[in-house]
Amino acid sequence: MLVHAILHFIRGFAMGSADIVPGVSGGTIALVLGIYERFIGSVRAGSKALTLLVRGDAAGFRRWMAAVEWAFILPLVAGIGAAFLTLARVIRDLLHDEPELMSAVFLGLVAGSVVVAWRLIRRPAVVHAGLVALVGVVTFLALGLVRGTSEESVGQVAEPALWAFFGAGAIAICAMILPGVSGSFLLVVMGMYGPALAALTEFEILSLLAFGAGAVVGLALFSQVLHLALQRYHDLMMAVLIGLMAGSVRVLWPWPLGVESTEIGAPQGDWITAVGLAVVAFVIVAVVGAYAQRLEAVEEAEGAGPLEPGPAGPDPVAGSAAE
C-alpha cells in the first residue's frame with residue numbers, strides 16, 4: 001500500500017511538472033504513465049458528486065464519492081501539488097532572468113504540442129486543417145491586442161482582479177483532462193500565467209483561493225461539457241484547440257518589438273541558443289506524444305478499448321437504480 005502511494009505521488013509529481021510548463025499537458029503524461037483512464041474516472045466521479053451536492057442530493061453525492069479511487073487519487077494530487085510548490089519559484093526566476101530563452105523554450109513546447117494534438121485527430125480531413133488555420137489566424141491577430149513578452153512575464157495581465165483568477169482557474173483546470181492541451185498554455189493565452197505563478201510563489205492567499213475555487217467549479221461543470229463535446233465532436237474540438245495553440249506563437253515569440261509590444265521582430269542577441277532550446281523542447285514534446293500514442297494503440301490492441309473518460313467502475317446511480 002505504501003509503495004503504491006509513493007509510486008502514485010511520483011506520477012503526480014511528473015504530471016504537475018508538465019502542467020506548470022506552457023505547452024506540456026499533464027494529461028499526456030498521465031497517458032504515457034498508463035494512468036489516464038483511472039485519473040479521468042476519478043475526476044469525473046468527483047465532479048459528478050460535487051454537482052449532486054450543489055443540487056442537495058446527499059445520497060447521490062455519497063454514491064459518487066464512493067466511486068472515486070481515493071487510494072490512487074489522493075497521493076496523485078499530492079504529487080501534483082508538490083510539483084507546483086517546488087517548481088513555481090524556479091520557473092518565475094527563470095522568466096525574470098532569461099525571458100528570451102524561456103520564451104524560446106515555451107515556443108518549442110507549444111509547437112511540439114501542436115504536432116501531438118494533430119495526431120490525436122482520429123480522421124483528419126481538409127475541414128480540420130481549414131479550422132486549424134482559421135482559429136490560428138484569429139488567435140494570432142487577437143493576441144496582437146495584448147501585452148508582449150517582458151522581463152517580468154510572458155503575456156501577462158497587470159494586477160488582475162480576483163474574478164480573473166477565478167475564471168483562469170476554471171478554464172485552465174479543464175486542460176488537465178485533455179492529452180495534448182496544456183493548462184499553463186491556456187494561462188499564457190489569457191495573460192494569467194505570470195500572475196498565477198506570482199500568487200503561488202508569494203502565497204497570495206486570496207488569489208490562490210479564487211483560483212482554487214474556479215478550478216473546483218471548472219471540474220464540476222466544464223469537465224462534463226468537454227467530455228460530451230469530445231465524445232460527439234472530437235476531431236472538430238481538437239482542431240479548434242490546435243488552432244489556439246498555433247496562434248499563440250505571437251505572444252511567445254522571444255523577440256517582440258519592445259517589451260510592451262506583440263509585434264514580431266527579428267531574432268537578436270544569443271539567438272542561436274534560443275533556437276537550439278526551442279528545437280530541443282519541440283523534440284521532447286513530440287517524442288513524449290508519440291510514445292503516448294503507441295501506448296494507447298497497445299491498449300486498444302489488447303482489447304482495453306480507447307482511453308475514453310468515464311466513471312471509475314460501475315455507475316453508482318445506475319447500480320442503485322437496478323437494485
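Reply:
**A helix crossing and its surroundings**

Helix H3 (residues 36–54) and helix H5 (residues 70–97) have axes that come within 10 Å and cross at roughly 95°. H3 is therefore roughly perpendicular to H5, since angles of 65 to 115 degrees count as such. Two packed helices are described by the angle between their axes and the distance between the axes. The residues that meet are Arg38, Phe39 and Ser42 from H3, with Phe72, Ile73 and Leu76 from H5. An α-helix has 3.6 residues a turn, so residues three or four places apart point the same way.

Keep in mind that this is a predicted model.

Now the setting. The protein has 14 helices and 0 strands. Along the sequence the pattern is thus a run of α elements, α-α-α-α-α-α-α-α-α-α-α-α-α-α. Take contacts between residues at least 6 apart in sequence: 80% of them join residues at least 24 apart. Of the 323 residues, 47% are buried. The protein exposes about 15200 Å², and carbon and sulfur atoms supply 71% of that area.

Helix H10 (residues 193–201) is mostly covered, with 8 of its 9 residues buried. The buried residues in H10 are Tyr193, Gly194, Pro195, Ala196, Leu197, Ala199, Leu200 and Thr201. Just after H10, phenylalanine 203 has a positive phi of about 50°.

Tryptophan 118 sits in helix H6 (residues 99–119). Its relative accessible area is 31%, so tryptophan 118 is partly exposed: the class lies between the buried limit of 20% and the exposed limit of 50%. Neighbours within four places in sequence aside, tryptophan 118 contacts Pro124, His128, Ala129, Val132 and Ile242. Methionine 238 is 120 residues from tryptophan 118 along the chain, yet their C-alpha atoms are separated by 7.4 Å.

Tryptophan 271 belongs to helix H13 (residues 271–301). Trp271 is part of a nonpolar patch on the surface.

Note on methods: Residues numbered from 1 in each chain as written. Predicted model: local features only at pLDDT ≥ 70, side-chain atom pairs only at ≥ 80, totals over all residues. Heavy atoms only, no water. Patch = residues over 30% accessible without salt bridge, like charges linked within 9 Å, V, L, I, M, F, W, Y side chains within 5 Å. Areas by Shrake-Rupley, 256 points an atom, 1.4 Å probe, with all protein chains shown as cover. Salt bridge = Lys/Arg side-chain N within 4 Å of Asp/Glu carboxyl O. Helix = DSSP H or I, 4+ residues; strand = E, 2+ residues; numbered from the N terminus. Buried < 20%, exposed > 50% of the residue type's maximum accessible area, 1.4 Å probe, protein only. Contact = heavy atoms within 4.5 Å. Axes fitted to C-alpha atoms, helices over the stretch in contact; angles between N-to-C directions. Parallel < 35°, antiparallel > 145°, perpendicular 65-115°, else oblique.
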